[in-house]
Amino acid sequence: MANREHLALLKAGAVTWTEWRENNPQITPDLSTANLQGHNLRGAYLQDANLNRVNLSNALLVRANLSGADLGSANLYAAKLIEANLIGTNFSVANLGNTTLTQADLSRANLIGADLSQANLRDAVLVDANLIGTDLSHANLRDADLGAAKLMRANLSFANLIAANLIATDLSEANLYEAEVMGAYLYQADLYKANLSKAHLSSAYLFRANLTKADLRGANLSWSNLSGANLAGADLCRANLTGANLKGANFSGVNLQETIMPDSSRHD
């Protein structure tokens, strides 16, 4: 339960709150379970605060500093966190559905099991973030930086990952059904057993990516760079490989039934 004094100070306004925090750096604010629905906390200094299970739905947190804060199981539905500092923040099992996180910094954030469905993460930084089992269905991650992020078993179906940085990202067993991944950078990405059926991967950079046993049925890989990629045991039935670079790729045990090959011929 939230500390009443801390909550009163926060509600007193930005000046009062910031002054109190600067004068009491040794105190960790406890705002857990507080109802801050719809509150204007633009630029708020909430670094390292305890916001476990807090209700921040529809709250305004533009450019707020929540780095290192605990927002486990918090409700941030439709909150606005544009350009927020969320480095190392704990969002495990939090509700971030429809949240606006454009240009937010989520480096090293813990988002295990969080709901980010339909969230706007365009240009966000998620380097080394933990997104294991996270729901990112229909999320906008265009131009986002997900370098070395953990996305094992994450749901990215229908997500927009156009031109996203996914270098060395772990997407093993992730669901990318009909995801938009055009022009994305997936150098050395791990897509072991990932569901990429009907995904749009045209012009994607998949150099040395691990696509072992991946489901690529009906996927569009036209003009993609698959050189050095491992596709052993992958299912490419009815996939489109027109103009793709397959130099040095491992195709052992691949299903190429009705696949359109790089020269535009159709495999038997």
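Because the model is predicted, local features need pLDDT of at least 70 and side-chain atom pairs count only at pLDDT 80 or more, while totals for chains, interfaces and linings use all residues. Residues are numbered from 1 along each chain as its sequence is written, and side-chain values use heavy atoms, with hydrogens and water left out.

The C-alpha atoms fill a box of roughly 70 × 25 × 20 Å along the principal axes. The secondary structure comes to 2 helices and 0 strands; helices (H or I, at least four residues) and strands (E, at least two) are DSSP runs, numbered from the N terminus. Of the 268 residues in the chain, 51% are buried. Here, buried means under 20% relative accessible area, exposed means over 50%, and partly exposed lies in between (1.4 Å probe, protein chains only). The accessible surface comes to about 11200 Å², and carbon and sulfur atoms account for 45% of that surface; such areas come from the Shrake-Rupley method with a 1.4 Å probe, and for residues only the protein chains shown count as cover. Contacts, meaning heavy atoms within 4.5 Å, can also be sorted by sequence separation. Among those between residues at least 6 apart in sequence, 4% join residues at least 24 apart.

Helix α1 spans residues 4–11, and its buried residues are His-6, Leu-7, Leu-9 and Leu-10. Seen down the axis of α1, these buried residues fall within an arc of 160°, so they line one face of the helix. The arc is that of the directions from the helix axis to the C-beta atoms. At the start of α1, a side-chain oxygen of Asn-3 comes to within 2.9 Å of the backbone nitrogen of Glu-5. Just after the helix, Gly-13 takes a positive phi of about 120°.

The next topic is charged pairs. A salt bridge is a side-chain nitrogen of Lys or Arg within 4 Å of a carboxyl oxygen of Asp or Glu, and the count comes to 4 salt bridges. In one of them, the side chains of Arg-63 and Glu-83 meet at 3.1 Å, N to O. Both residues lie in the segment after α2 (14–23), so the pair ties together parts that are 20 residues apart in sequence. Glu-83 counts as partly exposed, at 35% relative accessibility.

Another salt bridge joins Asp-143 to Arg-122, with the closest N and O atoms 3.8 Å apart. These two residues also lie in the segment after α2, so this pair ties together parts that are 21 residues apart in sequence. Asp-143 is partly exposed at 33% relative accessibility, and Arg-122 is partly exposed at 35%. A further salt bridge, at 4.0 Å from N to O, brings together Asp-235 and Arg-217. The pair links distant parts of the chain, 18 residues apart. Asp-235 is partly exposed at 21%, and Arg-217 is partly exposed at 39%. Salt bridges that share partners join Asp-215, Arg-217 and Asp-235 into one network.

Leu-186 lies in the segment after α2 and is buried, with a relative accessible area of 2%. Beyond its neighbours within four places in sequence, Leu-186 is in contact with residues including Leu-166, Val-181, Leu-191, Tyr-205 and Phe-207. Ser-224 is also found in the segment after α2 and is buried, with a relative accessible area of 1%. Not counting residues up to four places away in sequence, Ser-224 touches Leu-201, Ser-203, Ala-204, Leu-206, Ala-244 and Asn-245.

Asn-120, by contrast, is partly exposed at 25%. The side chain of Asn-120 reaches the backbone nitrogen of Arg-122 at 3.2 Å. A polar contact of 3.5 Å joins the side chains of Asn-120 and Asn-140. A polar contact is a pair of N or O atoms within 3.5 Å; within protein, one must be able to donate a hydrogen and the other to accept it, and residues adjacent in sequence count only if both atoms are side-chain atoms.
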